[in-house]
Amino acid sequence: MTTPSGACPHAHDDAAYVLGALSPTERLAFERHLPTCEACSTSVRSLAGMPGLLDLADARVLADPVPDPPLPPALLASLTRTVVARRRRRATVVAALAGAAAAALALAVPAALDLADRPPSARWAATPGPRHPRSRARWSRRATCP
Ligand SMILES: [Zn+2]
């Protein structure tokens with residue numbers, strides 16, 4: 001049997017059944033349901049070992065947990081130094097990249113403006129042209145023609 005949403009109405013009873021926490025009425029209803037529902041049967045089989053595992057736990061440890069050992073006093077200072085060094089390194093890299101970008105812009109913008117101010121034939125001569133010697137010769141003839 002499932003709910004309109006498709007979930008088993010006893011889907012949350014499996015662990016309580018295994019641990020013996022259901023009331024007698026709920027237990028009887030769940031035991032009648034088990035043979036008809038593969039999901040609940042599988043869940044109960046997977047939880048069957050849980051009571052035995054819980055019996056192995058030391059109740060004194062659960063009642064009075066052992067506190068964690070204290071952290072070394074130098075740990076905070078070491079972490080702080082590491083974080084500060086990383087931030088400083090990151091700021092240096094960002095500043096260097098920003099400087100490189102500004103330098104590239106400072107070089108590229110005047111060159112582009114200079115090319116835009118020249119007449120078309122001068123623009124041909126100012127561009128580097130092809131690398132292959134035959135293409136380069138053809139290109140330079142074209143560049144010198146008006
Ligand atoms: Zn079920």
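This is a predicted model: local features need pLDDT of at least 70, side-chain atom pairs count only at pLDDT 80 or more; totals for chains, interfaces and linings use all residues.

Author: Of the contacts in the chain with a separation of 6 or more, 41% are between residues 24 or more positions apart.

Reader: OK, and how many helices and strands are there?
Author: Eight helices and zero strands. Starting at the N terminus, the order is α-α-α-α-α-α-α-α.

Reader: What share of the residues is buried?
Author: Buried residues come to 4% of the 146 in the chain.

Reader: And α6, how many of its residues are buried?
Author: Zero of its 44 residues, so α6 is hardly covered.

Reader: What distance does that helix reach, end to end?
Author: α6 covers residues 74-117 and goes 65 Å from its first C-alpha to its last. At 1.5 Å a residue you'd expect 64 Å, so the value is close to that.

Reader: Switching topic: where does alanine 48 sit?
Author: In the loop between α3 (38-47) and α4 (50-56).

Reader: Buried or exposed?
Author: Alanine 48 is exposed, because it has 10 C-beta neighbours inside 10 Å and the cut-off for exposed is 12 or fewer.

Note on methods
Residues are numbered from 1 along each chain as its sequence is written. Helices (H or I, at least four residues) and strands (E, at least two) are DSSP runs, numbered from the N terminus. A residue is buried if 20 or more other C-beta atoms lie within 10 Å of its own, exposed if 12 or fewer, and partly exposed in between; C-beta atoms are placed from the backbone. Two residues are in contact if their C-beta atoms, placed from the backbone, lie within 7 Å.
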